[in-house]
Amino acid sequence: MSEWLLDPDVTYLNHGAFGALPKVVAEAAAQLRVEMERNPADLLMRRLPDLLDQVRGRLAEFLHADEAGCVFLANATAGTATVIRSLAPDMQPGDEILTTDHRYQAVQVQLQAHANRDGVVPVFAHVPLDLTDPSDVVTAIIERVTRRTRLIVVDSIASASGFVFPVAQIVEAAHERGVPVLVDAAHAPGQIANDLEQLGADFWVGNLHKWVCSPRAAAILSITPQWREKIRPLVPSHLFADGLQPAFDWTGTFDPVNLLAVPAALDFWAGLGWDGVRRRQRELVDAGAAVVAAALGTTTRVDDRFRAAMRIVELPDRLDASRARSIEATLSARYRVEVSLMNLHDRDFVRVCGQVYNEPADYDRLARALPELL
Ligand SMILES: Cc1ncc(COP(=O)(O)O)c(C=O)c1O
């Protein structure tokens, strides 16, 4: 815990929400800021392309991605919006975009905006939480493909459920039907191992501020070669016509420090060792979720095969959204416990995360506090 900027008096079980910052990464970012401010014009006008290329190279290696297809964005929300908007001119009214009922709420809003504007119909495949076979997950999605399906949007790790989707099998099955796939991998960098070259998803967008723990906000979008002429940023600027990476590297003045600090975050985790980190995250959250479930008299609902560092535990009773927000706020203010309550499939859950700064006692604290409030 002492390696993190988190308040030691706060029981932080919500790493998935916005990540958290290790002190060494914060220090690296502070140094980069000083460096930039010594001569902002020199850094932003002349040195930035090379500096971004260096970060891109590190990330391509980390994600096993083709560097030539990687661009930066502020966040996953911008990534999904960029892909959907760039593909819109090739879609007709009545065409369909298929996603699942685990999709992030903002993605649903984006699909609805697209539907209102262009008449492209969003379709939501139901993926039950208690599936145990990855091929059943694939079937639940792929059986909703029709001859009008123009894109599948699937989470790598869903926010509401922590469910780790078998994206490789989904991409394979979609490609057999000639449908491109956008993977919303907001939680994937760091939380699971990724091999984007092998995955072959047409579009894959991951946040760096969540489980890589860069400063907020930073994200990467990886695009396979056949789409690189099609995808362009939502905000055109000087270099819009100069190719994929120049168009994304400059969309107007921005603060590049968060991106430039990504290598420091990768170094931090490499020092700890990713395999051990992921094992520890899982041990913590598996045991912690079991403690919370026992206190609530309910269960954790997602099979071992679809788990990483986030777990949902069912609440004994239904909550409306305002009561859920009020319980989160009371947990934070009175008990100093930070978690998110989630609604999925007409049920309510508490989502807990496991991160190396957590300890078993954190989940005990939640297990004592939550029943009192419910
Ligand atoms: C699955 C998923 N997609 C997209 C996002 C959006 O991330 P951001 O707010 O960084 O754009 C999140 C955020 O939690 C998410 O969980």
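Reader: In which sense do β6 and β7 pair?

Author: This is a predicted model, and in it strand β6 covers residues 181-184. Three bridges link β6 with β7, where leucine 182 stands opposite phenylalanine 203. The sense in which β6 and β7 pair is parallel.

Reader: Which residue in β8 stands opposite phenylalanine 203?

Author: Strand β8, made of residues 219-223, is joined to β7 by five bridges, and the two run antiparallel. Within this pairing, the residue of β8 that stands opposite phenylalanine 203 is isoleucine 223.

Reader: How many of the residues of β7 are buried?

Author: Here a residue counts as buried if 20 or more other C-beta atoms lie within 10 Å of its own. Phe203, Val205 and Asn207 point one way from β7, while Trp204 and Gly206 point the other way, and all of them are buried. For strand β7, residues 203-207, the count of buried residues is therefore five of five.

Reader: What share of the residues of the whole chain count as buried?

Author: The chain holds 15 helices and twelve strands, and its C-alpha atoms fill a box of roughly 60 × 55 × 35 Å along the principal axes. Of its 374 residues, the share that count as buried is 46%.

Reader: What is the radius of gyration of the chain, and why does it agree with a compact globule?

Author: A compact globule with 374 residues would have a radius of gyration near 21 Å. The chain agrees with this because its own radius of gyration is 21 Å.

Conventions. Residues numbered from 1 in each chain as written. Predicted model: local features only at pLDDT ≥ 70, side-chain atom pairs only at ≥ 80, totals over all residues. Buried ≥ 20, exposed ≤ 12 C-beta atoms within 10 Å, placed from the backbone. Helix = DSSP H or I, 4+ residues; strand = E, 2+ residues; numbered from the N terminus. Pairing = 2+ DSSP bridges. Rg over C-alpha atoms; globule rule 2.2 N^0.38 Å.
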